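This report covers one protein model, going from a single side-chain contact out to the whole chain. The structure is shown first.

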Amino acid sequence: QVQLVESGGGLVQAGGSLRLSCAASGRTFSTYVMGWFRQAPGKEREFVAAINWSGDTTDYADSVKGRFTIFRDNAKNTVYLRMNSLKPEDTAVYYCAGKRSSSRWSDEASYDYWGQGTQVTVSS
């Protein structure tokens, strides 16, 4: 059993920054990949970024490359998403997720554990 809790969302002006946190608890030793997804109203949930807990490998959606950074703090059992140069198009509910398998990092259906989400709103 793995529990994920997101925090750090809020309202920010275009060009600003936010850092999201995802605290994990439970049997986290079996979680191979941690990822971030987002969903805007009326749109499909989309992949944002992921990181491999067994190493330092990361993956990003093309829309956020160069602006977002995913990283982890093993001592705090937490994964972060640092978001810079935010755009109104980034407005969405952001979810963290974990998976036990190592394949298909961008496929939301492959993830086993999900947080409740945190709202990010970017004003123009």
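The side chains of R38 and D90 are joined by a polar contact of 2.9 Å; a polar contact is a pair of N or O atoms within 3.5 Å, where within protein one must be able to donate a hydrogen and the other to accept it, and residues adjacent in sequence count only if both atoms are side-chain atoms. The model is predicted, so local features need pLDDT of at least 70 and side-chain atom pairs count only at pLDDT 80 or more, while totals for chains, interfaces and linings use all residues. Residues are numbered from 1 along each chain as its sequence is written, and side-chain values use heavy atoms, with hydrogens and water left out.

R38 lies in strand β4; strands (E, at least two residues) and helices (H or I, at least four) are DSSP runs numbered from the N terminus. With a relative accessible area of 5%, R38 is buried, where buried means under 20% relative accessible area, exposed over 50% and partly exposed in between (1.4 Å probe, protein chains only). Its side chain also makes a polar contact of 2.9 Å with the side chain of Y94. Contact means heavy atoms within 4.5 Å. Leaving aside neighbours within four places in sequence, the contacts of R38 include E44, E46, S63, F68 and E89, as well as D90 and Y94.

R67 is in the loop between β6 (58-60) and β7. R67 counts as buried because its relative accessibility is 12%. The side chain of R67 reaches the backbone oxygen of S63 at 3.0 Å. Not counting residues up to four places away in sequence, R67 touches R82, M83, N84, S85, L86, K87 and D90.

| Side chain of | Partner | Distance |
|---|---|---|
| R38 | D90 side chain | 2.9 Å |
| R38 | Y94 side chain | 2.9 Å |

**Strand β8 and its partners**

Why is strand β8 described as largely enclosed by the rest of the structure? Five of its six residues (78-83) are buried, so the strand is largely enclosed. Strand β3 (residues 18-26) pairs with β8 in the antiparallel sense over six bridges; two strands pair if DSSP finds at least two bridges between them. L20 has L81 in β8 as its bridge partner. Strand β7 (residues 68-73) and β8 also run antiparallel, joined by six bridges, and F71 stands opposite Y80 in β8. In a regular strand, side chains alternate between the two faces of the sheet.

β7 and β8 form a hairpin with four residues between them. N77, in the loop between these strands, has a positive phi near 50° although it is a residue other than glycine. N77 is partly exposed, with a relative accessible area of 25%. S85, in the loop between β8 and β9, likewise has a positive phi near 50°. S85 is partly exposed, at a relative accessible area of 40%.

**A97 in strand β9**

A97 is found in strand β9 (residues 92-99). A relative accessibility of 0% is why A97 counts as buried. Beyond four places in sequence, its contacts include L4, V33, F37, Y111 and W114. Q116 is 19 residues from A97 in sequence, and their C-alpha atoms are 9.6 Å apart in space.

**Core and overall form**

The largest nonpolar core has 36 residues, of which W36, L81, M83 and Y94 touch the most other members; a nonpolar core is a set of buried Ala, Val, Leu, Ile, Met, Phe, Trp, Tyr and Cys residues joined through side-chain atoms within 4.5 Å. Elements that give two or more residues to this core include β1 (2-7), β3, β4 (33-39) and β11 (118-123). β5 gives the most, with five residues.

The protein has zero helices and 11 strands. Its radius of gyration is 13 Å, close to the 14 Å that the globule rule gives for 124 residues, so the protein is as compact as a globular protein of that length. The radius is taken over C-alpha atoms, and the rule is 2.2 Å times the number of residues to the power 0.38. The C-alpha trace spans about 40 × 30 × 25 Å along its principal axes. Of the 124 residues, 44% count as buried. Among contacts between residues at least 6 apart in sequence, 57% join residues at least 24 apart.
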